[in-house]
Amino acid sequence: MGNTDTSAKLITAIADLQEEATLDHVRQRLAVNDDPLLIMKDCKEGMRQVGERYERNEYFLAGLIMAGEIFHQVMEILQPVVKRQVSGQASGRVLLGTVEGDIHDLGKNIVNMLLSCHRFAVHDLGVDVPPTIFAEEVAKVRPHLVGLSGLLTSAYEAMRETVTLLRSEGYQGPIIIGGGQLNEKVCQYVGADQWTTDAVIGVELCQRHS
Ligand code: B12
């Protein structure tokens, strides 16, 4: 089971961009039936540390790209395990996308996977999605909820524009924003109903609102 030592090793392997070591730790933890969601949480912490090193100029863009690639591979391993373990009652339709100007999608893809496991019908518009496309798709899909993902500070403006446009076009359902750097202040600025930095909580919010 995940303990402080195995968690620390995995976090360090990601933070140090050690691809093979990371994948080995993940496989070892799965082999002893560790919770894939806890493994994912440790990987997310490793990614946060990669971001810190980038800010301190210890890593450059190539480091972020490498981290993204490692995380992607981790998800390839974890996804089938999560899908086997998590399931739920048929739920609502969710329209999901990363807002305009932002191409980060690893977190959004986790949300998509977890929502799908909980039997939400997820319409994922991908990344760098302009407000007008969200609005068009809301009219087509008629979702119970809209989820906007954004990791860049500069994406908050696009989130706000998207929320404003959706509301002005008559969408009254809940809008949930997600991304590692969000907080209550951003949520208020954007005009969204809920915010989260955690996919599992995001799913709970969607269940509450659907
Ligand atoms: C990997 C990475 C990249 C990869 C992304 C690969 C990909 N396919 O996504 C690449 C190399 C493309 C990249 C590019 C850039 N990046 Co980058 N990146 C990261 C890094 C290290 C990890 C992000 C990540 O995937 N984390 C793991 C996932 C699982 O976590 P998450 O996204 O937070 O998602 C979780 C929750 O937030 C939630 N969630 C997410 N979305 C949603 C949506 C909904 C609806 C819900 C309910 C929940 C939810 O669920 C997830 C699971 O719990 C972060 C560091 C950090 N602290 O986040 C920097 C970071 C986000 N990047 C940063 C920067 C600066 C950039 C670049 C501008 C760099 C450059 N010079 O070009 C570009 C921007 C490109 C663009 N236009 O978007 C900065 C942003 C700073 C800021 N304040 O704006 C960060 C914070 C690094 C740092 N500390 O400086 N990056």
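Where do Glu45 and Arg48 lie, and how many residues apart are they? The points below take up that pair, then the other salt bridges, the surface patch and the ligand shell.

1. Glu45 and Arg48 sit in helix α3. They are 3 residues apart, about one turn of the helix. Keep in mind that this is a predicted model. Their side chains form a salt bridge, with the closest N and O atoms 3.0 Å apart. Glu45 has a relative accessible area of 26%, so it is partly exposed. Arg48 is at 44% and therefore also counts as partly exposed.

2. The Glu45 and Arg48 pair belongs to a network of salt bridges. The linked residues are Glu45, Arg48, Glu52, Arg56 and Glu58. Side chains of opposite charge can pair when their charged atoms come close.

3. The structure as a whole holds 12 salt bridges. One of them joins Arg53 and Asp16, at 3.0 Å from N to O. Arg53 lies in helix α3 (residues 36-55), while Asp16 lies in the loop between α1 (4-15) and α2 (19-31), so the pair ties together parts that are 37 residues apart in sequence. Asp16 counts as partly exposed because its relative accessibility is 32%, and the buried class stops under 20%.

4. Asp24 and Arg27 make another salt bridge, at 3.7 Å from N to O. Both are in helix α2. They are 3 residues apart, which means a separation of about one helical turn. Asp24 has a relative accessible area of 37% and is partly exposed. Arg27, at 43%, is partly exposed too.

5. Which residues form the nonpolar patch on the surface? They are Tyr54, Leu61, Leu64 and Ile65. Together they have about 380 Å² of accessible area. Helix α4 (residues 61-85) gives the most to this patch, with 3 residues.

6. Is Ile65 buried or exposed? Its relative accessibility is 57%, so Ile65 counts as exposed. The cut-off for that class is over 50%.

7. Which elements build the shell?

8. A polar side-chain atom of Thr153 lies 2.5 Å from a ligand nitrogen. A polar side-chain atom of Gln181 lies 3.4 Å from a nitrogen atom of the ligand. From the backbone, a polar atom of Leu106 is 3.4 Å from a ligand oxygen.

Key:
Residues are numbered from 1 along each chain as its sequence is written. This is a predicted model: local features need pLDDT of at least 70, side-chain atom pairs count only at pLDDT 80 or more; totals for chains, interfaces and linings use all residues. Side-chain values use heavy atoms; hydrogens and water are left out. Patches are made of residues with over 30% relative accessible area and no salt bridge: like charges are joined within 9 Å, nonpolar side chains (Val, Leu, Ile, Met, Phe, Trp, Tyr) within 5 Å. Accessible areas come from the Shrake-Rupley method with a 1.4 Å probe; for residues, only the protein chains shown count as cover. A salt bridge is a side-chain nitrogen of Lys or Arg within 4 Å of a carboxyl oxygen of Asp or Glu. Helices (H or I, at least four residues) and strands (E, at least two) are DSSP runs, numbered from the N terminus. Buried means under 20% relative accessible area, exposed over 50%, partly exposed in between (1.4 Å probe, protein chains only). A polar contact is a pair of N or O atoms within 3.5 Å; within protein, one must be able to donate a hydrogen and the other to accept it, and residues adjacent in sequence count only if both atoms are side-chain atoms.
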